[in-house]
Amino acid sequence: MIMLGNKSYNERGCLTIAGCDLATLGQELGTPLYIIDEDWLRQTMREYRSAFARFYPDSTIAYAGKAFLTSALCRILLEEGLWLDTVSGGEFYLAMQSGFSTSRILFHGNNKQEQEIDIVFNEGIGRWVVDSEQELDMLLNEAPRSRKGKLPLFFRITPGIDPHTHEFITTGRVDSKFGLPLVEGIAHRVIERSLQSGLFEIKGLHCHIGSQVASLDPFLKTVDAMVEFMVAFRQATGYIFAELDVGGGLGVPYLDEEEGRFPTIEEYAQAVSVRLRERCRKAGYPLPHLFVEPGRSIVNIAGSTLYRVGTVKRIPGVKTYVAVDGGMTDNPRPILYGARYQAQIVNRFPGDGARESFSIVGKCCESGDVIIPETVMAPIEPGDYLLVEGTGAYNYSMASNYNYLPRPGVVFLSGGVARLVVRPENWYDLIRRDITPEELQVGEQTATE
Ligand code: LLP
């Protein structure tokens, strides 16, 4: 039993994270509950910063907020000196409201909306990432409306690299809904038109090939493809890009048995940095300022989900179903991507005694609502607390209210202290937006007036 992250058993035999007793936390705050080990999270952010400071000092780490974003997280990013990558007006708004400086925000999206343009044009932005030619046409019309000067632009290129990860989280192949294709000179044309307009501050290029990438090779090929494009663009136009964003995507282990199978942050930083220097030197290209946009590799291991076991259903000769009080609503990744997880009993040390095979399932009305199809663990009983590990990324941010289940709250743990940063939803939150018969009548009157 390795246990991902900063976990240990205390003298009561209960599992702790960052010095906090999880069984007590479950009793006090209720379950399901998203838990973030703040010490681990900050440590990982520092690891990214120091690795890049060492191998490529002229660089910026922009955390990808889609992985997990709350106001408290934005404040930590500020304190740790990271930028933030956002992908919607909602993420941008949350960051702004939490006091995050908009000049450190990147704004992505393959279908940006008017409301999103408005908020960015009013509040300013660190880098706006152009994703299509249609978007450029729109920007050419709207650019004069910007209240914060010329829009600083990145252009997202689809470099045609296959990262060999799950199809749903592959983004950099030629066939992709994201970015400007290199084929038929589309990317080239869009950038040239932007330059000629004189309306923007052209900062550089962006790419992102996919997520949960397990080896360095696809990242290196991406650097090659991007430098090749930069060099060709320079040859054709004389223009030199000052910045290059290579996206996120570094994979992480979800299971004990996957330990050591993924490049470390240090190895990733070194490989990308060395390759970029080497390619630029060969081509006589000035070294660009480097951006990276990690999400999962910053937050996943720091996060886990605490559940309480309800029904334990034994089907003789078949299997034993252990049902917890959450499921695909707080963790849709198993049903979406076949993602695999591991769990630990929290309220008692498992010891070396008997082991049983279980299927850990959720409480949603859907047979596919399975968190762990099969796991061998010490006997589990109703009322036990169960921790599913490595749920920091793309769980909270992808949670739903299917079956009208309230979404769990989020607690940050640091140095033995628990801090609730998002309160759990309650049933009232679920009906808050429903229009009551009284309101409906008013609405109807207004509509027919
Ligand atoms: N930058 C861009 C432009 C992205 O689209 C993404 C992720 C990232 C950075 C961060 O990638 P990361 O370092 O987290 O791999 N819901 C899926 C993952 C979707 C990833 C979307 N883009 C999952 O649960 O696996």
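# Close-up views of the predicted model

**View 1. Threonine 170 is buried, at a relative accessible area of 13%.** Here, buried denotes under 20% relative accessible area, exposed over 50%, and partly exposed the range in between, with a 1.4 Å probe and protein chains only. The model is predicted, and local features need pLDDT of at least 70, side-chain atom pairs count only at pLDDT 80 or more, and totals for chains, interfaces and linings use all residues. Residues are numbered from 1 along each chain as its sequence is written, and side-chain values use heavy atoms, with hydrogens and water left out. Threonine 170 belongs to the loop between β9 (151-158) and β10 (180-181); helices (H or I, at least four residues) and strands (E, at least two) are DSSP runs numbered from the N terminus. Leaving aside residues up to four places away in sequence, threonine 170 touches Asp162, Pro163, Thr165, Ile209 and Gly210, where contact means heavy atoms within 4.5 Å. Its C-alpha atom is separated by 17 Å from that of aspartate 245, 75 residues apart along the chain.

**View 2. Tyr63, Trp128 and Leu205 touch the most other members of the largest nonpolar core, which has 82 residues.** Helix α8 (residues 217-237) gives the most to this core, contributing nine residues. A nonpolar core is a set of buried Ala, Val, Leu, Ile, Met, Phe, Trp, Tyr and Cys residues joined through side-chain atoms within 4.5 Å. In soluble globular proteins, nonpolar side chains tend to be buried together. The contacts of leucine 205, not counting residues up to four places away in sequence, include Phe154, Phe155, Ile157 and Ile191, as well as Glu243 and Asp245. A second, separate core of 22 residues includes Val252, Ala343, Ile371 and Val388.

**View 3. Glutamate 243 and arginine 127 meet through their side chains in a salt bridge (2.8 Å, N to O).** The pair links distant parts of the chain, with glutamate 243 in strand β12 (residues 243-245) and arginine 127 in strand β8 (residues 127-130), 116 residues apart. Both glutamate 243 and arginine 127 are buried. A salt bridge is a side-chain nitrogen of Lys or Arg within 4 Å of a carboxyl oxygen of Asp or Glu. The structure holds 27 salt bridges. Elsewhere, Glu38, Arg42, Arg46, Glu79, Glu80 and Arg419 are linked in a network of salt bridges.

**View 4. A salt bridge joins the side chains of glutamate 425 and arginine 407 (2.7 Å, N to O).** Glutamate 425 lies in the loop between β21 (417-422) and α12 (427-431) and arginine 407 in the loop between β19 and β20, so the pair ties together parts that are 18 residues apart in sequence. Arginine 407 is partly exposed, at 34% relative accessibility. The loop between β19 (385-389) and β20 (409-414) also holds asparagine 403. Asparagine 403 has a positive phi of about 60° although it is not a glycine, and its relative accessibility of 33% makes it partly exposed.

**View 5. Cysteine 364 has its closest cysteine sulfur in cysteine 365, 7.6 Å away and too far for a bond.** Cysteine 364 is buried, with a relative accessible area of 9%. A disulfide is taken as a pair of cysteine sulfur atoms within 2.5 Å, and the structure holds zero disulfides. Cysteine 207 is likewise in no disulfide, the nearest cysteine sulfur being that of cysteine 280 at 13 Å. Cysteine 207 is buried at 0% relative accessibility. Threonine 329 touches Cys364, and also Ala399, Ser400, Asn401, Tyr402 and Leu405, not counting residues up to four places away in sequence. Threonine 329 is buried at 5% relative accessibility and sits in the loop between β15 (319-324) and α11.

**View 6. Phe168, Ile335 and Leu336 form a nonpolar patch on the surface, with about 280 Å² of accessible area together.** Patches are made of residues with over 30% relative accessible area and no salt bridge; like charges are joined within 9 Å, and nonpolar side chains (Val, Leu, Ile, Met, Phe, Trp, Tyr) within 5 Å. Accessible areas come from the Shrake-Rupley method with a 1.4 Å probe, and for residues only the protein chains shown count as cover. Isoleucine 335 lies in helix α11 (residues 333-337) and is partly exposed, with a relative accessible area of 38%.

**View 7. A cis peptide bond joins threonine 31 and proline 32, with omega about -5°.** Proline 32 is found in the loop between α1 (22-29) and β4 (33-37).
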